[in-house]
Amino acid sequence: MSLFVIADLHLSFGVDKPMDVFGGRWTNYIDKLDEYWKYMVSDGDTVVIPGDISWAMDFKEAVEDFRFLNSLPGHKIIMKGNHDYWWSGPTKLKAFLDENGFDSIDFLHNNAIEAEDKLICGSRGWMCDDKMTAADRKVLDREAMRFEMSIADARKKDPDRQKEIVVFSHYPVAGSGYMKNPIMDVLRREGIKRVYYGHLHDVDRKKLIEECDGISLYLTAADYLVFTPMKIS
């Protein structure tokens, strides 16, 4: 059994907002995702999707996107992205899965999930640069608390610290306009060694920050990965 990650699927089966309009790598992206996912992932594997799952505005519009995800091999762990407007509280999220029989999907939300001998933690994150407003700072501080809650749940599940905590974020936790990021403070304090994130598109690989304060950083946006889930060792 293996652990994979791929972010920013931007599914739109229930709304008229296909990503093909962006051209290039997004052309026929659903067919690519379906083919490459089935080639890489088996039923016993786990795939983490760190946000921007669907363009839907509510559960009704999201049903067909989740039906597609549920049909793919593996156990899917889904996180919130900045475009997941359908996202709701944990009770409603679970009810949505149960009512539609989406039994291969779970949500990561202020908690930790054990998968493939690892503990999956994380949250959406938020922007952190010199253009931040006071409102942005409040959101960022709140997100840092969510990361802390998720990691605390992991510690509770594994008090002897036998399993590695692997962290996922929708937003990058460090960028070229780097400022003091409270999320990084949490990750350093907890001894996290790697973070997988999405959100960034059309980026130059050479300009990516691949390490910050001893933490390895990996971009996993679907178009960056050419719609192929990345295996996590």
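Me: Which residues of helix α5 are buried?
Reply: In α5, which covers residues 182–189, P182, I183, M184, V186 and L187 are buried. Buried means under 20% relative accessible area, exposed over 50%, and partly exposed in between, with a 1.4 Å probe and protein chains only. Helices (H or I, at least four residues) and strands (E, at least two) are DSSP runs, numbered from the N terminus.

Me: Before going on, what kind of model is this?
Reply: It is a predicted model, in which local features need pLDDT of at least 70 and side-chain atom pairs count only at pLDDT 80 or more, while totals for chains, interfaces and linings use all residues. Residues are numbered from 1 along each chain as its sequence is written, and side-chain values use heavy atoms, with hydrogens and water left out.

Me: Back to α5, then. What do its buried residues pack against?
Reply: They pack against α4, β7, β8 (194–197), β9 (211–212) and β10 (215–219). Contact here means heavy atoms within 4.5 Å.

Me: And what is found at the start of α5, and just after it?
Reply: At the start, a side-chain oxygen of N181 reaches to within 2.8 Å of the backbone nitrogen of I183. Just after the helix, G191 takes a positive phi of about 70 degrees.

Me: How does β8 pair with β7 and with β10?
Reply: β7 and β8 pair in the parallel sense over three bridges, and S169 has Y197 in β8 as its bridge partner. The pairing of β8 with β10 is also parallel, over four bridges, with S216 in β10 as the bridge partner of R194. Two strands pair if DSSP finds at least two bridges between them.

Me: Why is β6 described as largely enclosed?
Reply: Six of the six residues of β6 (residues 118–123) are buried, so the strand is largely enclosed by the rest of the structure. K118, I120 and G122 point one way, while L119, C121 and S123 point the other way. In a regular strand the side chains alternate between the two faces of the sheet.

Me: Which strands does β6 pair with?
Reply: Three bridges join β5 (residues 113–115) to β6, and these strands run antiparallel. I113 has I120 in β6 as its bridge partner. β5 and β6 form a hairpin with two residues between them, and E116 in the turn has a positive phi of about 50 degrees. β6 also pairs with β7 (residues 164–169), in the parallel sense over six bridges. The chain crosses from β6 through α4 (residues 134–157) to β7, and this β-α-β crossover is right-handed: with the strands pointing away from the viewer, the path from the first strand over the helix to the second runs clockwise.

Me: What is the order of strands in the five-stranded sheet?
Reply: This open sheet has the order β4-β3-β2-β1-β11, with mixed pairing. β4 (105–107) and β11 (230–232) stand at the edges with a single partner strand each, so one side of each is left without a neighbour in the sheet. Within the sheet, β2 (residues 46–50) and β3 (residues 75–79) run parallel and are joined by five bridges. P50 stands opposite M79 in β3.

Me: Where is S54, and which residues does its side chain reach?
Reply: S54 lies in the loop between β2 and α2 (59–71) and is buried, with a relative accessible area of 1%. Its side chain reaches the backbone nitrogen of A56 at 3.0 Å and makes a polar contact with the side chain of D65 (2.5 Å). A polar contact is a pair of N or O atoms within 3.5 Å; within protein, one must be able to donate a hydrogen and the other to accept it, and residues adjacent in sequence count only if both atoms are side-chain atoms.
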